[in-house]
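Hi,

Here is the structure I said I would pass on. Have a look at it first, and then read my notes below.

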Amino acid sequence: MPAVAGGLNLQAGTAASARTNGPAAMRAPSIDCELVSCSLRLEELDEDWRELWSSLPDATPFQSPDWLLPWWKHYGEGQLFSFAIWDEARLVGLAPLQIFRSAVDPTRRLFLLGTGNSDYLDVLFHPAWRRAGWRPASAGAGPVRRTAGGPEHRHAHRERARAAH
């Protein structure tokens, strides 16, 4: 299990058979959720992040560490508030997020890294972990108010893109 930076370590019980087959399905289910609030720790995830990103056929270049790490370094504002989801020593999910407050509105807002000048952003989850992985990450975020451009918007965008082809 990786070291937990940022102080959050959550365990979520899910049915192991829903994500694995064979003997591995018999092990006790466990998800470790690491809050990544330090830029240095985000950079340390580079290799694991790249492996996860490379394994996903629907991932875009705007979700890669090659895009988002320099973006955060040069454009990122606010507090880093990302989540790495681990199964043992394997990164199975990453929610690259930041908390932002504007000078004119002190309301804290949660954005994906790359917001503002990236074409497509989303969290990354290995397909076998998409449902199980989001629960512990969202538990650390507290109440979320959905706004335009949220998950409903993304799904509508995907449906329009499919209809166009």
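In what sense do β6 and strand β7 pair, and over how many bridges? β6 and β7 (residues 109–112) pair in the antiparallel sense, and there are four bridges between them. Two strands pair here if DSSP finds at least two bridges between them. Helices (H or I, at least four residues) and strands (E, at least two) are DSSP runs, numbered from the N terminus.

Before the rest, some housekeeping. This is a predicted model, with local features needing pLDDT of at least 70 and side-chain atom pairs counting only at pLDDT 80 or more, while totals for chains, interfaces and linings use all residues. Residues are numbered from 1 along each chain as its sequence is written, and side-chain values use heavy atoms, with hydrogens and water left out.

The overall picture

The protein chain has five helices and eight strands. Going along the sequence, the pattern is β-β-α-α-α-β-β-β-β-β-β-α-α. Of its 165 residues, 39% count as buried; buried means under 20% relative accessible area, exposed means over 50%, and partly exposed is in between (1.4 Å probe, protein chains only). The accessible surface comes to about 9800 Å², and carbon and sulfur atoms hold 55% of that. Those areas are from the Shrake-Rupley method with a 1.4 Å probe, and for residues only the protein chains shown count as cover. If you take contacts between residues at least 6 apart in sequence, 60% of them join residues at least 24 apart, where contact means heavy atoms within 4.5 Å.

The three-stranded sheet

Back to β6 and β7. They belong to an open sheet of three strands in the order β3-β6-β7, with antiparallel pairing. β3 and β7 are the edge strands, as each pairs on one side only. On the β3 side, two bridges join β3 (residues 79–80) to β6 (residues 97–100). Within that pair, Q79 stands opposite I99, and L80 has Q98 as its bridge partner. On the β7 side, L97 is the bridge partner of L112.

W72, beside those residues

W72 is in helix α3, and it counts as buried because its relative accessibility is 11%. Leaving out residues up to four places away in sequence, W72 touches S39, E77, G78, Q79, L80, Q98 and L113.

Strand β2 (residues 32–36) is mostly covered, with five of its five residues buried. In a regular strand, side chains alternate between the two faces of the sheet. Both faces of β2 are covered: D32, E34 and V36 are buried on one side, and C33 and L35 on the other. β2 pairs with β4 in the antiparallel sense over five bridges, and L35 stands opposite F83 in β4. The C-alpha atoms of I85 and E34 are 6.3 Å apart in space, although the two are 51 residues apart in sequence.

α2 against α3

Two packed helices are described by the angle between their axes and the distance between the axes. For helix α2 (residues 46–54) and helix α3 (residues 65–75), the axes come within 10 Å and cross at roughly 135°. The axes are lines fitted to C-alpha atoms, for helices over the stretch in contact, and angles run from 0 to 180 degrees between N-to-C directions. α2 and α3 are therefore oblique to each other: angles under 35 degrees count as roughly parallel, over 145 as roughly antiparallel, 65 to 115 as roughly perpendicular and the rest as oblique. In the contact, D46, W49 and R50 of α2 meet P65, D66, L68 and L69 of α3. Those residues divide into four nonpolar, no polar and three charged. Ala, Val, Leu, Ile, Met, Phe, Trp, Tyr, Cys and Pro count as nonpolar, Asp, Glu, Lys and Arg as charged, and the others, Gly among them, as polar.

Two loop residues

E88 is in the loop between β4 (82–87) and β5 (90–95). Its phi is near 60°, a positive value in a residue other than glycine. A128 is in the loop between β8 (124–125) and α4 (130–141), and it counts as partly exposed at 30% relative accessibility. A128 and V92 are 8.6 Å apart, C-alpha to C-alpha, and 36 residues apart in sequence.

Cheers
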